[in-house]
Amino acid sequence: MKTSRDKALRPGEFCVRKHATDTALVHVGRDAGRYQGLVNVPVCRGSTMLAPSIAHWEDRKNNPDPAGSYGRFGTATTWAVQDAVAALEGGEHALVFPSGLAACTQALLAPLASGDHVLMTDSVYGPVRQFATQVLARMGIDVTFYDPLMGGAIRELITPRTRVVYVESPGSLTFEVQDIPAIAEVAHAAGALVVMDNTWATPLFYKPFAHGVDISIQAATKYIVGHSDALLGVVTANKEAWPLLHQSARAFGQTAGPDDLYLAMRGLRSLGARMRQHQESARYVVEQLVGHPAVRRVLYPAFPGDPGHKIWRRDFTGASGLFGVELHPWSAEQQATFYGNLQLFGLGLSWGGFESLVMPVDEPVRSVRPSGAKGPLIRLHVGLEDKQDLASDLLESLLAAFMH
Ligand SMILES: *Cc1c(COP(=O)(O)O)cnc(C)c1O
């Protein structure tokens with residue numbers, strides 16, 4: 001039974017507060033009574049939404065968020081995803097975007113104005129770095145890249161114009177874990193907002209708003225969609241940042257299509273089960289690689305020897321299936337042998353789907369903290385195949401490459 005206090009909560013929030021995450025994932029955003037008993041919220045297509053009367057039409061003008069009046073402001077399919085992700089992340093409200101990158105850039109644009117200063121992690125997702133140095137710079141917004149390991153020492157880099165600290169933890173390609181509570185304390189004391197890319201951990205393994213984040217981003221393309229068949233971004237804001245995000249994103253006219261939203265909702269239902277398996281298999285594969293004669297270093301915060309392990313253990317409740325491996329130097333021929341031998345790890349961009357992927361990492365672009373790699377870096381995504389098959393695929397290919 002819902003109590004009167006529960007009734008004040010939005011449906012997604014009710015699910016998440018009252019039940020364990022696995023239960024919430026199954027029930028969040030559903031309302032069978034509204035859709036002929038259908039288990040899933042349907043794919044709602046539409047631009048025009050007719051007003052039932054002139055009184056309703058006039059009333060829409062008084063509503064700052066005219067949801068239910070035009071497709072761009074969302075349909076039942078949109079709201080299901082937004083409610084679910086906002087509740088899981090622990091924020092106030094969420095908006096959807098046509099890709100993860102669109103979510104990143106819109107989350108940055110929402111609070112920023114010409115003359116502002118942004119502190120951005122040096123380990124940021126590459127295309128966001130490009131957006132900052134090319135587009136934000138052109139708009140008169142200064143960007144300083146900071147060492148992802150500096151934690152509260154970021155205080156030294158704050159200026160009176162600093163409006164946003166943009167964090168990503170663990171970082172793209174190099175997987176540094178950041179002390180976000182320490183960073184948030186400094187940022188908030190200076191009147192700046194903390195914007196986080198929380199894609200690696202998903203809302204299941206990291207609760208951004210409980211650690212001081214104001215705006216959180218999910219490249220839902222990865223684990224939330226989970227099947228490599230759609231592009232989608234979701235941005236969640238807390239109460240203070242929501243008006244900024246809402247106003248800015250609406251003005252840009254950004255939203256996402258119904259089929260992609262439906263696929264995200266469908267992916268979300270199994271997110272808990274999938275993440276547990278990604279985690280278990282990734283840990284197993286990491287164990288096989290650590291100490292292997294061809295391997296110099298494994299970059300995976302859940303591994304006890306990792307430099308980020310202490311903070312990861314303090315702040316995260318799990319680890320996903322994505323990590324880096326630094327190998328011993330190899331020739332072009334050895335590289336070709338390695339990739340040519342792999343049968344289960346596909347060579348491709350992105351991650352978070354059911355399938356395992358591998359990717360060579362060119363020296364990551366860094367201005368403060370270089371990767372420190374002396375040998376080739378590769379990035380692995382451990383999918384949902386059998387973990388022993390995956391480990392064998394890697395070990396056999398390493399053996400073939402490093403045998404001579
Ligand atoms: C992939 C990715 C994005 C961008 O998502 P797209 O849907 O590909 O645009 C953003 N942030 C991180 C950390 C990513 O890995």
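This is a predicted model: local features need pLDDT of at least 70, side-chain atom pairs count only at pLDDT 80 or more; totals for chains, interfaces and linings use all residues.

A: Residues are numbered from 1 along each chain as its sequence is written, and side-chain values use heavy atoms, with hydrogens and water left out.

Q: What is the strand order in the sheet, and what is the pairing?

A: Strands are DSSP runs of E, at least two residues, and helices are runs of H or I, at least four, both numbered from the N terminus. Two strands pair if DSSP finds at least two bridges between them. Here 7 strands form an open sheet, ordered 1-7-6-5-4-2-3, with mixed pairing. Strand 1 (93-97) and strand 3 (142-146) are the edges; each has a single partner strand, so one side of each lacks a neighbour in the sheet.

Q: Which helix packs on strand 2, strand 3 and strand 4?

A: Contact means heavy atoms within 4.5 Å. Angles run from 0 to 180 degrees between N-to-C directions, with axes fitted to C-alpha atoms, for helices over the stretch in contact. Helix 7 (residues 126-138) touches those three strands, and its direction makes about 150 degrees with that of strand 3. Helix 10 (residues 242-252) lies across strands 1, 4, 5 and 7, at about 25 degrees to strand 1.

Q: Is Val-234 buried or exposed?

A: Buried means under 20% relative accessible area, exposed over 50%, partly exposed in between (1.4 Å probe, protein chains only). Val-234 lies in strand 7. Its relative accessibility is 0%, so Val-234 counts as buried. Val-234 touches residues including Val-81, Leu-95 and Ile-217.

Note on methods
Lists of a residue's contacts leave out its neighbours within four places in sequence.
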